[in-house]
Amino acid sequence: MSAVSPEPDVMPADRPVVNGTELTTACGADGPLRLMAVHAHPDDESSKGAATMAKYVREGVEVLVCTLTGGERGDILNKAMDRPEVLANLPQIRREEMAKAREILGVQQRFLGFVDSGLPEGDPLPPLPEGCFAAQPLEVAARPLVQAVREFRPHVILTYDDNGGYPHPDHIMTHRVSVEAFEAAADPDRYQDCGEPWQPLKLYYFVTFHRARFTALHEIMVAHGLESPYAERIADKPEDAGKPPRKTFEITTLVPCGEHFALRDQALLAHATQVDPNGGWFTCPINLQQEAWPTEDYHLARSVVDTDTPEDDLFAGIREKVRC
Ligand SMILES: [Zn+2]
């Protein structure tokens, strides 16, 4: 299960802060466990970690999705929805889609108010649109998230790795603001007008679209006589021969959540402008996914509590500390 790990598995945050008042406050707080998932666009929450959120919500954990942008510059990826009136109202329609997905998963959700940067294409790449999320200075881009962290007081934060999971400028910026918020939210000297300091205890990166999972899905589909769409994805590409392997993040944490895969798919389908119901998301039957790869997977990037990896619970090392 282990892959190349470019960083130590667990990078402790600033210990003096943790051993000070902030951690005492975090760990002594009454109330349920809290999980925050930080995403770039509406629909990202349904394609990365959705079954995990559905599971924790149903176990009594409070879950908040923070969506940095409104997805204003997204394309319409479902032919049935590619109509002029949809395109003209895309921001509003994407908000309505998000509201449906939020209800299906049972999570809380909030938009943090930035404008989608779009996926720049061409060589050389065009400059980012003026005023978009990815063009903001880090402190400006991180401010609403720091505020959300101090208000919601999550014990665990989920976000993208430093490549953004895939290199969309909004995803990379989402990674940067999440790390910034994780590190700065407990510091009373930073973001002083953004609420009372709060120390989140763990920061994870989604490891969703990885080769071991696609290999397992491919093999089980072939074994059942089904045509697998994954062959190309898992094949060694001739153009990659001789290149250093792409940066991957060790899976430290596998959260069993197969029983919520159907909800995950419903939430994805709620994003009707972004998801083609006949497209690749839904090719592998759910029962085969549950058999071949019944978890959603994460890389523990920062932790201020002791925990042994591999884990099967995002709150490992935290449950015993937080009185509920
Ligand atoms: Zn996105």
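This is a short tour of the structure, stop by stop, with what to select at each one.

**Before starting.** The model is predicted, so local features are given only at pLDDT of at least 70 and side-chain atom pairs only at pLDDT 80 or more, while totals for chains, interfaces and linings use all residues. Residues are numbered from 1 along each chain as its sequence is written.

**Colour by confidence.** The average pLDDT (the predictor's confidence in each residue, from 0 to 100) is 89 for the protein, and 90% of the residues score at least 70. Select residues 1–29: here the pLDDT is below 50, and the stretch has 46 contacts in the model beyond near neighbours in sequence. Two residues are in contact if their C-beta atoms, placed from the backbone, lie within 7 Å.

**The largest nonpolar core.** A nonpolar core is a set of buried Ala, Val, Leu, Ile, Met, Phe, Trp, Tyr and Cys residues joined through C-beta atoms within 7 Å. Buried means 20 or more other C-beta atoms within 10 Å of the residue's own, exposed means 12 or fewer, and partly exposed lies in between, with C-beta atoms placed from the backbone. Select Met36, Cys66, Leu145, Val146, Val149, Ala181 and Tyr204, which touch the most other members of this 72-residue core. Helix H7 (residues 138–152) gives the most to the core, with 7 residues. Helices (H or I, at least four residues) are DSSP runs, numbered from the N terminus.

**Leu145.** Leaving out residues up to four places away in sequence, Leu145 touches Val38, Cys66, Leu112, Val177, Ser178 and Ala181. For a second, separate core of 5 residues, select Leu217, Met221, Tyr230 and Trp293, which are among its members.

**H4.** Select residues 50–58, helix H4, where 7 of the 9 residues are buried. Lys55 and Tyr56 are among the buried ones. Just after H4, Gly60 takes a positive phi of about 95°.

**Gln92.** Finish at helix H6 (residues 90–105), which contains Gln92. Is Gln92 buried or exposed? Gln92 is exposed, because it has 10 other C-beta atoms within 10 Å. From its C-alpha atom to that of Pro244, 152 residues apart along the chain, the separation is 43 Å.

Notes: Helix = DSSP H or I, 4+ residues; strand = E, 2+ residues; numbered from the N terminus.
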